[in-house]
Amino acid sequence: MSSPVGATGTEFEFPIERGKIREFALAMQSEAPAYLRPDAVIPPTFLINAARWAPEGARVEVGFDRRRLLHGEQEYVFHGPLPRAGQTLYATERVADRYEKPGRRGGVMKFAVIVTEFRDEAGTLVAEGRATFIETAKPTEEK
Amino acid sequence: MASNIPAAGTPGATAAVDASTPRVGSSPEPRRFGPLTRQMFVRYAGASGDFNPMHYDDTFAQRAGYRSVFSQGMHQAALLATFATDWLGAENVRRFAVRFREQVWPDDVLTCIGVVTAIEERPDGRLVSVDLTATRQTGGVAVTATADFLLPR
């Protein structure tokens, strides 16, 4: 069960909460006042939290074996001033790409690129997340 | 939590961000994080909502063949983000892209470095592009990142 390239999930609500930003800032060992104010901006990787708000079935299916799943890369792009505490964003996932490469010790490594679009209340695209997932050719081993 | 709010002039305070004159090739002082603890992994799990037991349950991790739990890649990415936002300003980030390289274990110490790779003058400010690296005490590279910051004039 894996969503094909071009498949989209259903849009879901992602409220940006001040307390969650504060908790995230503590975990990233940041003391920046910009993360502590009532109108706190989000940290660069904060949008990883959106997944917690996705209802059952709203996300696309990466479809990889969890035991061989790696998170290879993660990018966030902000198309203007950062989202702030109190705003609500609307997130939609999309399968942007899938490709394969030969594994170093045989077999096939599979890649999936999942883009999440974040829109504000007016429907303006304010941020995008781009995750690259890898299914390794063999069970994951310590390097 | 209130005690965590820094006074003006302390690291992380906006007034201490010297982003006024970045040049291609300029670098801030490196910053160390660690030794990293299981408590930090758990704190990041809660903050991010990623409750994969591989990062806080040693029995689970050892059953999967690892010597112990290891840190979430996104946890290292978040520490590198702290280094970068203290340097160029939390409000100014416009792009942040990380690549996960090597696992990070309890008691590891990460050293973050960064360098300006490009500067573009734009109508809305100065776009500063940087390369960022978090390296383990072994010399192994844990995560690398590229980022863009739009500095207001």
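**Figure 1. Strand pairing across the two chains.** Strand β2(A) and strand β2 (residues 93-100) of chain B run antiparallel and are joined by five bridges. The model shown here and in the other views is predicted. Within this pairing, Gln74(A) stands opposite Val98(B) of β2(B), and Glu73(A) stands opposite Arg99(B) of β2(B). Val98(B) also has a bridge partner in β5(B), namely Ala145(B). That bridge belongs to the pairing of β2(B) with strand β5 (residues 141-151) of chain B, which is antiparallel and extends over seven bridges. Strands of a sheet pair through backbone hydrogen bonds, in either the parallel or the antiparallel sense.

**Figure 2. The contact between chain A and chain B.** Chain A contributes 33 residues to the contact and chain B contributes 37 residues. On the side of chain A that touches chain B, the elements that give two or more residues are α1 (18-27) and β2 (69-78) of chain A. The most comes from β2(A), with eight residues. By residue type, this side of chain A divides into 18 nonpolar, seven polar and eight charged residues.

**Figure 3. The open sheet of 10 strands.** The strands follow the order β1(A)-β3(A)-β4(A)-β5(A)-β2(A)-β2(B)-β5(B)-β4(B)-β3(B)-β1(B), and their pairing is antiparallel. At the edges lie β1 (12-15) of chain A and β1 (31-33) of chain B, each of which pairs on one side only. From one strand to the next, the twist averages 25 degrees. Helix α3(B) packs on the sheet and touches β2 of chain A as well as β1, β2, β3 (110-122), β4 (125-135) and β5 of chain B. The direction of α3(B) makes about 35 degrees with that of β5(B).

**Figure 4. Strands β4 and β5 of chain A.** Strand β4 (residues 108-119) of chain A pairs with strand β5 (residues 125-135) of chain A in the antiparallel sense, over 10 bridges. Glu117(A) stands opposite Glu128(A) of β5(A). In a regular strand the side chains alternate between the two faces of the sheet.

**Figure 5. Helix α3 of chain B.** Helix α3 (residues 73-88) of chain B has 16 residues. From its first C-alpha to its last, α3(B) reaches 23 Å, close to the 22 Å expected at 1.5 Å a residue. Since 16 of the 16 residues of α3(B) are buried, the helix is largely enclosed by the rest of the structure. After α3(B) comes Gly89(B), with a positive phi near 105 degrees.

**Figure 6. The nonpolar cores.** The largest nonpolar core has 61 residues, of which Leu79(B), Leu80(B) and Ala84(B) touch the most other members. The largest share of this core, 10 residues, is provided by α3(B). A second, separate core consists of five residues, among them Val60(A), Val95(A), Ala112(A) and Ile114(A).

**Figure 7. The surroundings of Gly72 of chain A.** Gly72(A) lies in strand β2 of chain A. Gly72(A) has 17 C-beta neighbours inside 10 Å and therefore counts as partly exposed. Residues up to four places away in sequence not counted, Gly72(A) touches Thr132(A), Phe133(A) and Ile134(A), together with Phe100(B) from the other chain. Phe46(A), 26 residues from Gly72(A) in sequence, is 18 Å from Gly72(A) in space, C-alpha to C-alpha.

**Figure 8. Chain A as a whole.** Chain A has one helix and five strands, and along the sequence they follow the pattern β-α-β-β-β-β. The C-alpha trace of chain A spans about 55 × 35 × 25 Å along its principal axes. Of its 143 residues, 32% count as buried. Among the contacts in chain A with a separation of 6 or more, 71% are accounted for by residues 24 or more positions apart.

Definitions and conventions:
Residues numbered from 1 in each chain as written. Chains lettered and ligands numbered in written order. Predicted model: local features only at pLDDT ≥ 70, side-chain atom pairs only at ≥ 80, totals over all residues. Contact = placed C-beta atoms within 7 Å. Helix = DSSP H or I, 4+ residues; strand = E, 2+ residues; numbered from the N terminus. Nonpolar A, V, L, I, M, F, W, Y, C, P; charged D, E, K, R; others polar. Pairing = 2+ DSSP bridges. Expected span 1.5 Å × (residues − 1). Buried ≥ 20, exposed ≤ 12 C-beta atoms within 10 Å, placed from the backbone. Core = buried A, V, L, I, M, F, W, Y, C linked by C-beta atoms within 7 Å. Axes fitted to C-alpha atoms, helices over the stretch in contact; angles between N-to-C directions.
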